[in-house]
Amino acid sequence: MAANGEKQKFLLYGKNGWIGGMLIELIKAAGDEVVLGDARLENREAVAAEIDAVKPTRVLNAAGVTGRPNVDWCEFNKQTVIRTNIIGCLNLADLCWQRQLHCTLYATGCIFEYDDAHPLGGGVSTAFTEEDRANFTGSYYSLTKGFCEEMLRAYLDHLTVLRVRMPISDDLSPRNFITKISKYEKVVNIPNSMTVLHDLLPASLALSKRKLSGIYNFCNPGAISHNECLELYKKHVDPDYTWTNFTLEEQDKILAAKRSNNELDCSKLVNALPDLEIPEIHVAVDRCCARMKKNLDAQGWKPTPRGS
Ligand SMILES: NC(=O)c1ccc[n+]([C@@H]2O[C@H](COP(=O)([O-])OP(=O)(O)OC[C@H]3O[C@@H](n4cnc5c(N)ncnc54)[C@H](OP(=O)(O)O)[C@@H]3O)[C@@H](O)[C@H]2O)c1
């Protein structure tokens with residue numbers, strides 16, 4: 001018997017992706033089966049044929065266009081973004097809904113920005129909830145993700161939508177939020193909700209197994225600033241690390257698209273999984289950097305001084 005109840009057969013899209021790769025390992029480690037989806041999500045007939053051939057008990061959608069080297073890419077490749085993040089995403093949700101098959105989407109919480117009703121520093125009492133509608137349209141990536149979430153509300157009886165934010169892993173993957181900001185010339189300093197994947201990816205599989213559908217703010221509780229993240233990186237991983245801050249206005253001048261900053265209220269997620277520990281974000285990042293140090297030591301990694 002697989003951990004956490006009945007053995008599942010997951011059909012996963014996004015098999016070559018960062019989050020998809022971690023999910024494959026977790027599913028196997030839990031003793032469940034994972035079949036790697038080959039179809040491109042925009043090819044509705046191919047996806048339908050794959051689902052019907054595989055006959056999964058659950059579907060996971062970790063496929064998406066995020067842009068390389070960053071989301072600015074999406075400003076200049078709008079049709080590609082729509083093809084996967086809207087057409088593909090809706091195809092899969094609709095095909096699963098037609099078959100009454102539970103689907104989990106690794107979506108984004110970068111569809112909100114602090115405003116008068118949800119001010120920076122307001123804490124959990126003014127943080128965005130799952131009932132809130134997207135209010136950040138400063139990048140094409142976020143605009144389309146916000147549109148898509150709105151349409152996905154029609155499917156929530158068989159769909160779980162996870163609002164991932166600034167995901168952090170236990171290594172120096174270039175996709176890890178801490179790796180990214182540690183390499184910037186200058187970094188802004190704004191508290192945000194963030195997703196420590198070590199804590200949250202197992203939670204996503206628990207939601208899937210238990211068919212806990214709906215939208216979830218998929219982050220560790222609380223908000224942590226860029227500087228607080230870098231201080232924890234410095235404490236555990238690279239004691240000589242230094243960085244320079246700049247303002248949001250200065251950042252806007254060097255980017256093609258704006259970036260979202262927000263705090264999400266994670267109580268729905270925490271209350272849905274009382275048997276799982278989802279630590280407060282400062283505790284989670286502290287533990288994550290400690291695990292990162294251990295993993296890097298095992299690889300013989302040494303920090304490279306800035307500018308060298
Ligand atoms: N990483 C982040 O910072 C972040 C933050 C918040 C939310 N998310 C969300 O989490 C999801 C996964 O992110 P990730 O970081 O793991 O992305 P990733 O590393 O870029 O992986 C995305 C995967 O999606 C696949 N894919 C793209 N278009 C596809 C299509 N039309 N049909 C089938 N597969 C397709 C890609 O396969 P190919 O390479 O073969 O195209 C790739 O394996 C995305 O939806 C993203 O929006 C990510």
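**A tour of the ligand shell and the cysteines**

Begin by selecting the shell around the ligand, which by class has 11 nonpolar, 7 polar and 6 charged residues; here Ala, Val, Leu, Ile, Met, Phe, Trp, Tyr, Cys and Pro count as nonpolar, Asp, Glu, Lys and Arg as charged, and the others, Gly among them, as polar. The model is predicted, with local features needing pLDDT of at least 70 and side-chain atom pairs counting only at pLDDT 80 or more, while totals for chains, interfaces and linings use all residues. Residues are numbered from 1 along each chain as its sequence is written, and side-chain values use heavy atoms, leaving out hydrogens and water.

Within the shell of 24 residues, the closest to the ligand are Ile 19, Glu 42, Thr 84, Tyr 141 and Lys 145; a residue is near the ligand if one of its heavy atoms lies within 4 Å of it.

Next, select Gly 17, where a polar backbone atom is 3.0 Å from an oxygen atom of the ligand, and then Arg 68, whose side chain has a polar atom 3.2 Å from a ligand oxygen.

Now colour by element (helices H or I of at least four residues and strands E of at least two are DSSP runs, numbered from the N terminus). Helix H1 (18–29), strand E4 (102–108) and helix H5 (140–152) each give two or more residues to the shell, and E4 gives the most, with 3 residues.

Finally, select the cysteines: the whole structure has 0 disulfides, a disulfide being a pair of cysteine sulfur atoms within 2.5 Å. Cys 89 is in none, and the nearest cysteine sulfur, that of Cys 148, is 3.8 Å away.

Technical notes. Polar contact = N/O pair within 3.5 Å; in protein donor to acceptor, adjacent residues only side chain to side chain.
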